[in-house]
Amino acid sequence: MESLDRTELDFLLRDSVENGFRGFAVSYQPQIRTGTGRLYGAEALARWRCARFGNVGPDVFIPMMEENGKIVELGKWIFRKAAEQCQKWRGIQPDFRMSVNLSCRHLEKADMKQFARITLQRLGLPARNMMVELTESWPVSGGKEGEELVFGLQETGMGLAMDDFGSGYSSLLSLQKFPFQLVKIDKDFVKFAAKDGGQDDFVPSLTRLCHSVGRQVCLEGVETGEEYEAVRRLGIEVMQGYYFGRPVPAEEFERLYL
Ligand code: C2E
Ligand code: CA
Ligand code: CA
């Protein structure tokens with residue numbers, strides 16, 4: 001994107017946040033229990049549409065908001081929306097799990113834990129129905145404060161998931177150090193798993209590693225029946241990907257999956 005566009009986008013993003021998150025929405029992507037095919041829960045994903053540029057992808061606006069700091073407010077807004085939705089869907093499926101992404105910028109603000117606690121309390125939503133996804137480089141890059149926040153989030157009773165496992169650095173150290181309940185294997189690995197009739201041993205090996213240290217596994221990015229066929233017998237607990245369903249607005253999610 002040209003620098004002129006970036007300046008304008010940056011302005012429009014700030015303007016949206018300051019005007020009640022105008023143009024922002026949350027989409028929900030289903031996560032499936034591999035064993036039974038039942039719904040496990042959903043990942044809440046941010047969407048943004050503006051009059052000037054139309055739909056702008058999170059791969060564009062999330063890094064920009066991490067840079068200008070607005071990601072902290074957006075993260076809270078998404079958390080609250082997703083928690084409200086989860087409270088509603090818990091009425092239909094009591095063990096429904098809602099996952100929310102937190103950015104590395106949140107660890108500079110110690111109040112995220114307090115915010116989460118108060119939000120859950122207000123809604124009467126049990127913490128176990130919520131899951132927080134952190135990227136693997138997150139606690140490492142976050143230093144001491146980051147570490148404290150990770151343990152603090154765990155104290156609230158919410159689940160912790162390590163996102164994009166295998167794609168960054170220091171992932172094994174983070175896996176060893178932090179109480180992640182679920183490890184999400186990065187979506188790029190699925191492609192290899194399905195190649196050459198499932199000869200590639202990466203996904204099976206990563207899965208065994210996670211299981212051997214007591215973590216559950218979610219495989220992301222399963223797009224086709226062939227891919228699913230190649231990984232369905234590996235004992236992976238949860239799967240997510242276009243094969244099971246794309247991220248959709250709340251009403252559509254409810255109609256399709258609940
Ligand atoms: P992520 O956390 O890894 O989220 C999963 C991304 O993979 C989503 O992209 C989802 O639409 C996409 N995806 C799901 N299934 C498949 C599949 O089968 N094939 C392929 N090729 N892709 C699949 P999305 O929604 O564009 O989000 C991109 C990234 O932006 C997210 O990656 C996350 O890092 C970030 N993001 C999105 N929403 C939020 C948010 O509310 N807060 C923060 N901090 N980051 C967010
Ligand atoms: Ca995620
Ligand atoms: Ca991911």
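I looked up Arg47 and ligand 1 in this predicted model, and I found an oxygen atom of the ligand 2.9 Å from an N or O atom in the side chain of Arg47, where a polar contact is a pair of N or O atoms within 3.5 Å. I then noted that Glu43 has a side-chain N or O atom 3.2 Å from an oxygen atom of ligand 1, and that a polar side-chain atom of Asn101 lies 3.2 Å from an oxygen atom of ligand 1.

I turned to the helices, which are DSSP runs of H or I with at least four residues, numbered from the N terminus. I noted that α3 (residues 71–90) and α11 (residues 250–257) pack at about 25° with their axes 12 Å apart, the axes being lines fitted to C-alpha atoms over the stretch in contact and the angles running from 0 to 180 degrees between N-to-C directions. I therefore call α3 roughly parallel to α11, a term for angles under 35 degrees. I listed Gln85, Lys88 and Trp89 of α3 and Ala250, Phe253 and Glu254 of α11 as making the contact, meaning heavy atoms within 4.5 Å.

I kept in mind that local features need pLDDT of at least 70, and side-chain atom pairs 80 or more. I also noted that residues are numbered from 1 along each chain, and that hydrogens and water are left out of side-chain values.

Definitions and conventions
Chains are lettered from A and ligands numbered from 1 in the order in which they are written. Helices (H or I, at least four residues) and strands (E, at least two) are DSSP runs, numbered from the N terminus. Angles under 35 degrees count as roughly parallel, over 145 as roughly antiparallel, 65 to 115 as roughly perpendicular and the rest as oblique. A polar contact is a pair of N or O atoms within 3.5 Å; within protein, one must be able to donate a hydrogen and the other to accept it, and residues adjacent in sequence count only if both atoms are side-chain atoms.
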